[in-house]
Amino acid sequence: MPDVNEYVLDRVTENISSVTSAMVVREYKQIGEGAFGTVVEAVLRPYDGPTDQWLGPFAIKRVPAQTEYKSRELELLRVVNHPNIVSLRYFFDKPSSSDGRVYQNLVMECLPSNLQSEIKYYKQSKYTIPYPHMKAYTFQLARAMLYLHGFGISHRDIKPSNILVDPSTVTLKICDFGSAKKLEPNQPSVSYICSRYYRAPELIVGCSIYTTKIDVWGLGCVVAEMFLGKPIFQGQSPELQLKEISKLLGPPPKTFFFKSNPHYRGEMFSNKLFSCTVEERFEQIFSNSPPDAIDLLLKILVYDPAQRASPRRILVHPFFHELKREKFQVYPRGATEPVTLNLFNFSNYELELLGSLKDELLMTN
Ligand SMILES: Nc1ncnc2c1ncn2[C@@H]1O[C@H](COP(=O)(O)OP(=O)(O)O)[C@@H](O)[C@H]1O
Ligand SMILES: [Mg+2]
């Protein structure tokens, strides 16, 4: 029997209704250890209800309640509501029994895996995630971004470990809003966010007025990683990260530095490190990948954020046409029966964001 930790709390707030009540929490498994806290699997029940009727399982993320680092995680998770974003069910504050500090606890729906583990799992058996699954996952990731970016919210830490998946249903949900922020036009934000391998080039050179396109760069890196089985740009230092990018995209244009940060005085990696065209370079690196995947990556992994594909442009890319086929089904890992995915249940808000591309996206082929 694993370590079970059961306790009663006077004040647990339900996210949607904001109603606060006493509940019993039973934690039984640690599932994550991150930079700022821990994540455990747990079940909850109302304190005055039947003792055998547990709700869940949930994932509880615990972070110190007051830190100098301002986390908007609770605030943002309370306002978002999307099938491809992890949903918050309850939250509560609790002093830790070991260090006496107050911890903020976020009780979320629990998914069995994340993309980092999935990529690793297939890599170990010398495969990649099956293409139809990759398409479904990427589509869901772009859908989550369309929604978030519609509110001006940037996740700012897109990477495989912050992308939860359920391989048995091929469902994807973004998690970890610990770095997320609503970006206001022309208002500066810190550029030292995002994990290095997934950091957009404009952030590397110290751009402070950036846009939600930094998340799209992260999406491109995640898609590339699904194909390659390892991170595409593995810089040994923040500055060398730009060199890794230039090995695929060629030297950054002079205008890129000027537009991103006119004060940048670091290395510009202006020597071309390969002799072929950028398209040919992509074909070399993604030699086993389908042409429409390479075309999509060519439109995402672009220096200039203004030229980088937007989530709505990504959603209509031919890479996803297969998903629209009437009889499209996938076989989840280990399953003998296929499942049908519900990828096109767009809300009115999403349809509005899609605008003129709506018909193109909903047209079946
Ligand atoms: N709702 C959840 N369901 C299942 N696992 C989760 C959930 N939330 C987080 N995790 C796991 O815990 C890890 C750390 O959580 P995360 O929110 O990314 O915290 P940190 O800010 O410490 O990185 C994730 O990589 C994931 O594996
Ligand atoms: Mg994380």
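The axes of helix 8 (residues 278-285) and helix 9 (residues 291-300) come within 10 Å and cross at roughly 125°. Here axes are lines fitted to C-alpha atoms, for helices over the stretch in contact, and angles run from 0 to 180 degrees between N-to-C directions. Helices (H or I, at least four residues) and strands (E, at least two) are DSSP runs, numbered from the N terminus. The model is predicted: local features need pLDDT of at least 70, side-chain atom pairs count only at pLDDT 80 or more, and totals for chains, interfaces and linings use all residues. Residues are numbered from 1 along each chain as its sequence is written, while chains are lettered from A and ligands numbered from 1 in the order in which they are written.

On the side of helix 8, the contact (C-beta atoms, placed from the backbone, within 7 Å) is made by E279, F282 and E283, and helix 9 contributes I294, L297 and L298.

Turning to helix 2 (residues 115-124), L115, E118 and I119 are buried, that is, 20 or more other C-beta atoms lie within 10 Å of their own. These residues lie on the same side of helix 2, because they cover an arc of only 95° around the axis. Their packing partners are strand 7 (113-114), strand 9 (163-166) and helix 5 (213-228). K126, which follows helix 2, has a positive phi, near 60°.

Six strands form a closed barrel in the order 1-2-3-4-6-5, with antiparallel pairing; two strands pair if DSSP finds at least two bridges between them. From one strand to the next, the twist averages 40°.

Definitions and conventions: A residue is buried if 20 or more other C-beta atoms lie within 10 Å of its own, exposed if 12 or fewer, and partly exposed in between; C-beta atoms are placed from the backbone. The arc is that of the directions from the helix axis to the C-beta atoms. Two residues are in contact if their C-beta atoms, placed from the backbone, lie within 7 Å.
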